[in-house]
Amino acid sequence: KVIATIGGEVFGKDVQAYPKYGSEKKGLPTTYYLTISNEHIKMHCELEHVDLVVLNDPTALLSGDPLVGVLPGGAIFMQSHFTDPKDVWARIPEHHRKTIVEKKLRVYFVDMVQIAREVASVADLEMRMQGIVLLGGFLRLTPYAKESNMTDEQVYAGVERALRKYFGKRSERVVQDNLTCVKRGYNEMKEIPREIMHGS
């Protein structure tokens with residue numbers, strides 16, 4: 001919801017966020033779809049073709065096929081507590097690695113959990129802040145700031161305004177903690193190099 005708001009308010013795009021809840025009894029994950037467009041979005045549905053797949057929980061790679069609709073040349077942004085790209089790549093199942101190489105996907109990762117744990121001044125905000133770290137990665141991976149000719153400072157100022165809408169009632173500290181999470185997600189995200197993917 002916050003990412004959709006930022007896409008609309010900061011970059012002036014038409015946005016649509018759509019959750020699909022998995023069965024809690026079966027432990028299935030929730031899938032969130034986000035569409036961002038220069039034009040009015042007329043369709044309201046699950047997406048079959050996507051440019052970016054975000055995995056807050058990397059175990060989704062073990063239980064399903066979250067890469068099924070990702071377009072060639074697209075990107076994956078995932079949670080990982082590993083810092084070495086080789087370790088991250090080694091833990092992606094073989095059939096997904098094959099898809100990544102064949103579709104020439106870029107794979108990015110960051111430890112959203114650890115960043116949220118370090119930054120959150122209130123324990124009950126830790127889980128939510130993981131998603132705010134994701135917002136930082138989203139800002140870096142998508143072309144909207146560049147297309148809008150916005151500097152990092154201008155983007156952060158817009159993000160801060162949006163965060164103030166959501167968290168301003170809590171405290172200024174909570175707003176600033178969230179902004180710190182965005183900046184850390186943006187700056188600490190790493191990419192798995194092609195040579196590791198191709199085994200050289």
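Helix α5 passes helix α9 in a right-handed crossing, a crossing being right-handed if the near helix is turned clockwise from the far one by less than a right angle, and left-handed if anticlockwise. The structure is a predicted model, in which local features need pLDDT of at least 70 and side-chain atom pairs count only at pLDDT 80 or more, whereas totals for chains, interfaces and linings use all residues. Residues are numbered from 1 along each chain as its sequence is written, and side-chain values use heavy atoms, with hydrogens and water left out. Helices are DSSP runs of H or I with at least four residues, numbered from the N terminus.

Two packed helices are described by the angle between their axes and the distance between the axes. Here the axes are lines fitted to C-alpha atoms over the stretch in contact, and angles run from 0 to 180 degrees between N-to-C directions. On this basis, α5 and α9 (residues 172-188) pack at an angle of about 145°, with their axes 10 Å apart. The α5 side of the contact (heavy atoms within 4.5 Å) consists of I115, A116, E118 and V119, which meet D177, T180, C181, R184 and E188 in α9. The residues of this contact divide into four nonpolar, one polar and four charged, where Ala, Val, Leu, Ile, Met, Phe, Trp, Tyr, Cys and Pro count as nonpolar, Asp, Glu, Lys and Arg as charged, and the others, Gly among them, as polar.

E118, found in helix α5 (residues 112-119), is partly exposed at 47% relative accessibility; buried means under 20% relative accessible area, exposed over 50%, and partly exposed in between, with a 1.4 Å probe and protein chains only. E118 and V133 are 15 residues apart in sequence, and their C-alpha atoms are 12 Å apart in space. Q130, in helix α6 (residues 126-141), is buried at 14% relative accessibility. Residues up to four places away in sequence not being counted, Q130 touches M112, V113 and A116.

The crossing of α1 past α8 is right-handed. The contact is made by V2, T5, I6 and E9 of α1 together with V159, A162, L163, K165 and Y166 of α8, and its residues divide into six nonpolar, one polar and two charged.

Aromatic rings of Phe, Tyr and Trp (its six-membered ring) pair if their centres lie within 6.5 Å, with planes under 30 degrees apart counting as stacked, over 60 as edge-to-face and the rest as tilted. By this rule the count comes to five aromatic pairs. In one of these, the rings of Y166 and F167 have centres 6.1 Å apart and planes at 40°, so the pair is tilted. Y166 is partly exposed, with a relative accessible area of 30%, whereas F167 is buried at 3%. Ring pairs also link F11, F138 and Y144 into a cluster.

W89, which lies in helix α3 (residues 85-90), is buried at 7% relative accessibility. With residues up to four places away in sequence not counted, W89 touches R97, I100, V101, I192, I196 and M197. W89 and K165 are 76 residues apart in sequence and 38 Å apart in space, C-alpha to C-alpha.

Conventions: Helix = DSSP H or I, 4+ residues; strand = E, 2+ residues; numbered from the N terminus.
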